2 protein chains.
Amino acid sequence: MPPRKRATITDVAAAAGVAASTVSRAFTRPGRVNQHTREHVLAVAEELGYAPNPAARALESGRTGTLALLVPDITNPYFSGVIKGAERAAAAAGLTLVLGDTAENPGQEEQLVRRLGPAVDGFVLSASRLPDEQLRRAAELNPIALVNRATPGVACVVADFDSGTRQIVDHLASLGHRALVFLGGPPESWSGARRWAGLQAAAARAGLEVRRFGPYVPTLGGGPAAADAVIAAGATAVVAHNDMLAIGVMQRLAERGVGVPTDVSVVGFDDIVGAEFCHPTLTTLAERTEDAGARAVEAVVAQVLTRASEPPTRVLPTQLVVRRSTGPVHTAPPN
Amino acid sequence: MPPRKRATITDVAAAAGVAASTVSRAFTRPGRVNQHTREHVLAVAEELGYAPNPAARALESGRTGTLALLVPDITNPYFSGVIKGAERAAAAAGLTLVLGDTAENPGQEEQLVRRLGPAVDGFVLSASRLPDEQLRRAAELNPIALVNRATPGVACVVADFDSGTRQIVDHLASLGHRALVFLGGPPESWSGARRWAGLQAAAARAGLEVRRFGPYVPTLGGGPAAADAVIAAGATAVVAHNDMLAIGVMQRLAERGVGVPTDVSVVGFDDIVGAEFCHPTLTTLAERTEDAGARAVEAVVAQVLTRASEPPTRVLPTQLVVRRSTGPVHTAPPN
DNA sequence: CAACAAATGGCAAACGCTTGCCATGTGACG
DNA sequence: CGTCACATGGCAAGCGTTTGCCATTTGTTG
């Protein structure tokens with residue numbers, strides 16, 4: 001198989017009997033060439049299967065028409081929403097979206113930002129694990145928008161965890177719980193910190209006692225360790241860093257004969273797709289992830305177009321979805 | 001915020017007091033420069049935060065150091081395995097992996113291949129929805145490897161559906177089922193076709209009757225329609241195109257008061273992460289998705305290095321994971 | 001019909017990097 | 001001490017586009 005040569009702009013120009021610059025303009029500056037020549041050029045290009053070489057284009061113009069979205073763990077269904085939303089918005093803006101997985105690893109994330117940096121028009125960093133300082137530096141080189149992470153001077157869209165955690169605590173309190181345990185996720189997680197802070201504040205208001213365990217890895221695999229700690233502590237209500245962990249906890253609880261919600265109520269964060277078909281179905285705080293992804297892309301696009309001075313922060317509402325994993329406290333050993 | 005200028009190779013060269021070519025070689029041809037100068041150059045580069053511009057590099061060398069992995073639906077946990085495996089292999093080869101979502105849409109897929117084509121060193125197309133002809137043409141321009149899709153002349157790695165479907169049928173037959181219904185997915189899906197063909201062959205061998213319903217959309221959302229059809233048909237065993245659909249079916253079945261596996265047994269394909277925590281847990285055919293992703297990347301890398309003449313086809317074993325969604329037939333209305 | 005403006009096309013210089021080729025310096029060998 | 005080979009660095013020519021500028025054609029206006 002001959003590694004066939006890709007048609008270049010010069011090929012098209014020659015075939016169409018015009019100069020390369022005309023071909024270029026036919027694509028990028030429709031008004032700049034005669035309607036008639038333009039059609040001809042486009043037809044010839046189509047016939048030759050010509051597609052402008054993005055590398056060459058980027059070199060001169062600095063624009064690549066590509067946005068990168070980095071997430072800590074593609075595997076986590078939570079990010080599916082962000083991805084979908086970002087894709088929609090990117091498509092609407094005529095941009096190609098590429099995804100990168102940072103494996104929850106700041107080093108990996110930094111490397112991706114460095115390598116991809118010159119090759120994309122901007123970044124959406126979802127749940128970035130990078131320290132503020134590094135984010136700010138990266139933001140100087142590329143337009144950046146953060147999702148569920150706030151850093152002064154960088155555009156970001158975050159979920160309203162204050163209201164969300166209050167909803168959780170109120171729900172639990174109304175079921176008679178007097179204390180709850182928070183199962184923490186990765187220490188670098190900004191939203192993890194916000195969740196914990198919100199929980200503490202809300203609990204103080206409602207007169208609940210709170211403790212924090214962990215950190216645990218925020219996946220199914222983190223479940224057993226967390227669940228065992230919960231059992232040992234005799235908690236009646238636990239709030240997990242995210243749904244994957246919550247589901248892992250419930251699995252382990254079931255394994256150990258602890259009833260949910262009879263013996264302990266479990267709450268997650270994210271409302272991932274599995275939350276509605278795990279067993280029991282999971283009470284969880286839903287975020288508007290698609291919106292978040294879309295807004296973030298829009299923020300990046302805005303920066304590309306106009307170097308806005310003060311990047312905006314947007315707060316998206318959250319909503320507690322009550323399912324079967326939470327219930328009234330059961331005063332242990334039956335009356 | 002001044003859109004700070006990125007350091008270029010000339011900046012580094014000037015700062016290090018050498019020629020640009022030396023800087024270039026310090027990075028790409030370690031043996032070609034003096035160990036001493038090389039260290040110096042690298043140090044200066046690091047200090048300036050220099051990262052080679054991939055676009056410029058690609059322009060001259062034709063190599064971008066980037067691989068693209070396209071999947072029909074990032075949201076589907078099935079592809080998580082492929083992605084993980086591909087990432088691992090790409091990292092091992094020193095390549096950056098970017099992901100693209102084709103939204104189950106051949107048009108979108110084609111556009112991505114066109115746009116990304118000149119910007120990457122090769123593609124892994126997972127469950128491609130593109131017609132053979134187009135795949136072959138794309139393969140002329142870029143090294144390509146297919147996952148769960150076979151096209152003559154293009155490298156591919158596929159799951160062993162023949163053995164897999166036989167396992168499913170044997171399992172069902174041994175539970176006393178005499179007939180089964182296949183709930184089809186997207187018509188363009190190659191693996192869907194293979195699954196159906198395998199099922200038919202295996203059923204014929206085992207003396208089972210098979211019918212095919214659908215196509216349904218291979219997500220939770222496809223469940224209700226499929227489940228209702230199953231109920232109407234009075235089937236005792238159904239095999240769904242994939243796990244998402246299977247879980248959606250089970251949800252709907254539960255809603256309509258049909259017991260799984262008491263009244264109907266359900267089997268899926270893929271063994272996604274949710275299969276072990278849905279209710280009941282799902283019997284499903286597991287593929288070695290991570291391996292598949294890794295092998296595919298390796299195949300692409302091999303093509304990049306040596307324009308091999310005959311691209312290989314690799315078949316990966318499959319394995320039926322029996323869980324709680326399948327059971328013995330229950331001769332309906334109780335004895 | 002002259003004078004000028006607008007529309008349109010071409011030329012050539014970048015963009016940041018790689019690489020073939022040449023020039024110089026160094027050590028080995030006879 | 002003269003040759004030669006090798007190691008190392010620099011020069012300059014691209015790679016496929018975009019874009020500022022100029023030349024030409026065409027159309028408008030007085």
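At what angle do helix 1 (residues 9-16) of chain B and helix 2 (residues 20-28) of chain B pack?

**Entry 1: ground rules.** I am working on a predicted model, where local features need pLDDT of at least 70, side-chain atom pairs count only at pLDDT 80 or more, and totals for chains, interfaces and linings use all residues. Residues are numbered from 1 along each chain as its sequence is written.

**Entry 2: two helices in chain B.** I looked up the pair and found an angle of about 105 degrees, with the axes 8 Å apart. Axes are lines fitted to C-alpha atoms, for helices over the stretch in contact, and angles run from 0 to 180 degrees between N-to-C directions. Helices (H or I, at least four residues) and strands (E, at least two) are DSSP runs, numbered from the N terminus. Helix 1 of chain B is therefore roughly perpendicular to helix 2 of chain B (65 to 115 degrees). I9(B), V12(B) and A13(B) of helix 1 touch A20(B), V23(B) and S24(B) of helix 2 (contact: heavy atoms within 4.5 Å).

**Entry 3: chain A against chain B.** I then turned to the interface. Chain A gives 51 residues to the contact and chain B gives 52 residues. Together they bury about 4,800 Å², 58% of it on carbon and sulfur atoms. Buried area is the accessible area (1.4 Å probe) that two parts lose on being put together, summed over both.

**Entry 4: charges.** I found six salt bridges across the interface of chain A and chain B (a side-chain nitrogen of Lys or Arg within 4 Å of a carboxyl oxygen of Asp or Glu). One salt bridge joins R114(A) and E46(B), at 3.6 Å, N to O. Elements that give two or more residues to chain A's side include helix 6 (106-116) and helix 11 (243-255) of chain A.

Notes:
Chains are lettered from A and ligands numbered from 1 in the order in which they are written. Side-chain values use heavy atoms; hydrogens and water are left out. Angles under 35 degrees count as roughly parallel, over 145 as roughly antiparallel, 65 to 115 as roughly perpendicular and the rest as oblique.
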